[in-house]
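Let us walk through this structure one step at a time. Keep the sequence and the 3D view side by side.

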Amino acid sequence: MPIVNPGSSSSNGQQWQQKQATIATEEIGTNAQSLVLLPIGFSVIYRIKFFNPTRLRLYSSTADRDSDQARPVANNPSAGAGLLLELVGNADLDFNLSPLVWIPSADGIPATITNLSTSTSINFSIYYWGI
C-alpha cells in the first residue's frame, strides 16, 4: 500500500481529513481495565489528550490485545506483541505523538483502557488524519 500524505487524496480517490474522536467509557473501577474496539479505522494518529489518569494501549489485533492484557505497566511487551502505542498519563495531559501512529485497519483499533484513579468514566480525545 502506498503511503499518502495527509491532506491529499488516497489511492482510491478519497480525501484525508483531520478528525477528532472523543471517547467516554462506562464507569471503570480503580486500576480496572476495559477492553474496547475504538471506532477509528484506517488513519494516522498524531495527538491524544487525557481527561483522567489513564493507561491506554492500542493494538494491531484483538488477539494481540487479549494476550497482553495482564502485562504490568512496568514490564516491556514481548517481541511481536502487536502493541502500536502505550501511554500512561494524568488528567489534562496532552500528548503530541512523534513518531505518528499508523492504524492499518478499517475495522477499528483494539484497545485496553486502564483507570488509574478512583472509580469513574474514562474520557480522552484522539486526533488523527483519516479517510
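Buried means under 20% relative accessible area, exposed means over 50%, and partly exposed lies in between (1.4 Å probe, protein chains only). This is a predicted model: local features need pLDDT of at least 70, side-chain atom pairs count only at pLDDT 80 or more, and totals for chains, interfaces and linings use all residues. Residues are numbered from 1 along each chain as its sequence is written, and side-chain values use heavy atoms, without hydrogens and water.

Start at S125. S125 is buried, with a relative accessible area of 1%. Its place is strand β8, residues 120–130. Strands (E, at least two residues) are DSSP runs, numbered from the N terminus. The S125 side chain makes a polar contact with the side chain of T22, at 3.1 Å. A polar contact is a pair of N or O atoms within 3.5 Å; within protein, one must be able to donate a hydrogen and the other to accept it, and residues adjacent in sequence count only if both atoms are side-chain atoms.

Now widen the view. Strands pair if DSSP finds at least two bridges between them. An open sheet of 4 strands runs in the order β1-β8-β3-β6, with antiparallel pairing. Its edge strands, β1 (17–28) and β6 (93–103), each pair on one side only. β1 and β8 share 10 bridges. In one of them, K19 has Y128 of β8 as its bridge partner.

Next, find β7, residues 109–115. 7 of its 7 residues are buried. β7 pairs in the antiparallel sense with β2 (33–38) over 6 bridges, and with β4 (54–59) over 5 bridges. L38 stands opposite I109, and R57 stands opposite T112.
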